[in-house]
Amino acid sequence: MSGRKPAVGEAPFADRLLAWFDVHGRRTLPWQSPRSAYRVWLSEVMLQQTQVATVIPYFERFVARFPDFRSLAAADVDEVLALWAGLGYYARGRNLHAAAKQVGSLHRGEMPNDLEAVQALPGVGRSTAAAILAQAFGARHAILDGNVKRVLARHAAVAGWPGTPKVAEQLWAIAERLLPATRLADYTQAIMDLGATLCTARAPACARCPVAADCIAHREERVGAFPSPKPARARPYRRATLLLVENAQGAILIERRPPTGIWGGLWSLPVAAEGESADQLLRQRHGIRVEPLDTLPAFRHAFTHFELELTPLVCALIDDERPDELRERPDQRWLTISARSDDAFTGIGLPAPVLGFLSRRYALNALTDTSTPDPCPAPSTASSSGRKPKASRVLPSPATSASGSTSRSRRKPGPTGSRTRPD
Ligand code: SF4
């Protein structure tokens, strides 16, 4: 049993938690009513590393456009990623699309009611699969997301970082033992709510906690000691060049990134790795030649495993004897931004730091704002337990120009950007 054994006359852990949930729990979330396996699955995938309040508007837009597995499976992945942009962790968006196709091809468009089959869907791990089955079908499976790990580690005073297999095994065993015989959907939501609203990482409200009576960490006044933090490890630092290629009409070159790696499958300005020649990259990948005009102040972006410093390089498109190479291709677009507003970037899932850079640079021309930008904005990090978004912009519909010009382009670059807006 987690914590000490309940005293005689004291209700079991699950009963106390459910009684608290009936009064204080979150029972009006959009995926709870109407409740379906599709909506529960979608919400659970969106909630991985992201807070409920952030997820709700994304969820509502998503189900309005894709109400079921069939419509999602039939969609273009670009449209899925554009609706996902802002939730971060874009692999989740791609997995979502792939999982919908798999449900269609292997399960006749219905979520299987079997833990192994659900876990076999792309992007679905053991805890997510259990949460889907418990909430969609009332199945008796334990969950162990970041919030639940924190609650159980404190309640039973489990030492060690939950990321290690030995500690995770202990926590899974506790989670299984605490399961009630009935009301599995409510219990699953209740234990997630307890972690999200009372047993929080920084300010646990033990005085109001329904399971405080047998919580060991609380009794021993060692709540801050659990769960043990991840052992510190230096995050590697990388540098790259962000290539802003402008043609004579003021359109800029964007390309679709490879499906794997950072920003996989999203549209972005071309990125040259450290030591990679921008000229060679653009010639090989896009068949164009450019002339570098201006290097802009670098800015940083934090990924889970490394930190990236991006230095924007403004380049002018120069004459090319191979105009056919400049035509529209599936993996490249020339984006018209003459309106100098975000509307020009519509319909494309752009990574937040790239969108932030473009917004600062081009909003400046329209707004003649002369304030100084932060050349190295604070990195956006995601907390494993805090469900934080990595990016936050959705761009509703595309606007691209005709192909790049073959005439010599020497547009004077604008100032280096000044208007920092949320991205
Ligand atoms: S008593 Fe405090 S530490 Fe223990 S489970 Fe409740 S909120 Fe968490």
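1. Let me start with a loop residue: L269 sits between β3 (267–268) and β4 (271–273). Helices here are DSSP runs of H or I with at least four residues, strands are E runs of at least two, and both are numbered from the N terminus. L269 is buried, having 22 other C-beta atoms within 10 Å. By the rule used, buried takes 20 or more other C-beta atoms within 10 Å of the residue's own, exposed takes 12 or fewer, and partly exposed is in between, with C-beta atoms placed from the backbone. L269 and L242 are 27 residues apart in sequence, and their C-alpha atoms are 6.4 Å apart in space.

2. A word on the model itself. It is predicted, with local features needing pLDDT of at least 70 and side-chain atom pairs counting only at pLDDT 80 or more, while totals for chains, interfaces and linings use all residues. Numbering runs from 1 along each chain as its sequence is written.

3. Now the ligand. Its shell holds 14 residues, and the closest are C199, C206, C209, A212 and C215. To be near, a residue needs its C-beta atom, placed from the backbone, within 6 Å of the molecule or strand in question. Two elements, α9 (146–155) and α12 (216–219), each give two or more residues to this shell, and α9 has the largest share, with 3 residues. By type, the shell has 11 nonpolar residues, 2 polar and 1 charged. Nonpolar covers Ala, Val, Leu, Ile, Met, Phe, Trp, Tyr, Cys and Pro; charged covers Asp, Glu, Lys and Arg; the others, Gly among them, are polar.

4. Two strands pair when DSSP finds at least two bridges between them. β1 (237–246) runs parallel to β7, joined by 10 bridges, and R238 stands opposite L308 there. Strand β5 (residues 290–295) is antiparallel to β7, with 5 bridges, and T295 has L313 as its bridge partner.

5. β7 also pairs with strand β6 (residues 299–302), in the antiparallel sense over 4 bridges. The two form a hairpin with 4 residues between them, and R300 stands opposite E309. In a regular strand, side chains alternate between the two faces of the sheet.

6. Compare strand β8 (residues 332–335). Q332 and W334 point one way and R333 and L335 the other way, yet all are buried. β8 pairs with strand β2 (residues 252–256) in the antiparallel sense over 4 bridges, with I254 opposite R333.

7. Among the helices, I would look at α5 (residues 77–84) and α6 (residues 90–107). Their axes come within 9 Å and cross at roughly 135°, which makes α5 oblique to α6. Axes are lines fitted to C-alpha atoms, for helices over the stretch in contact, and angles run from 0 to 180 degrees between N-to-C directions. Angles under 35 degrees are roughly parallel, over 145 roughly antiparallel, 65 to 115 roughly perpendicular and the rest oblique. The crossing of α5 and α6 is right-handed, meaning that the near helix is turned clockwise from the far one by less than a right angle, with anticlockwise giving left-handed.

8. D114 lies between α6 and α7 (115–119) and is partly exposed, with 14 C-beta neighbours inside 10 Å. D114 and L133 are 19 residues apart in sequence but 7.7 Å apart in space, C-alpha to C-alpha.

9. Most residues other than glycine have a negative phi, and most peptide bonds are trans. Q49, which is not a glycine, has a positive phi of about 65°; Q49 is in the loop between α2 (37–46) and α3 (52–65) and is buried, with 21 other C-beta atoms within 10 Å. W263 has a positive phi near 55° and lies in the loop between β2 and β3, where W263 is buried with 21 C-beta neighbours inside 10 Å.

10. Two cis peptide bonds deserve a look too. The bond from S33 to P34 is cis, with omega near -5°, and P34 is in the loop between α1 (13–24) and α2. The bond from F226 to P227 is cis with omega near -15°, and P227 lies in the loop between α12 and β1.
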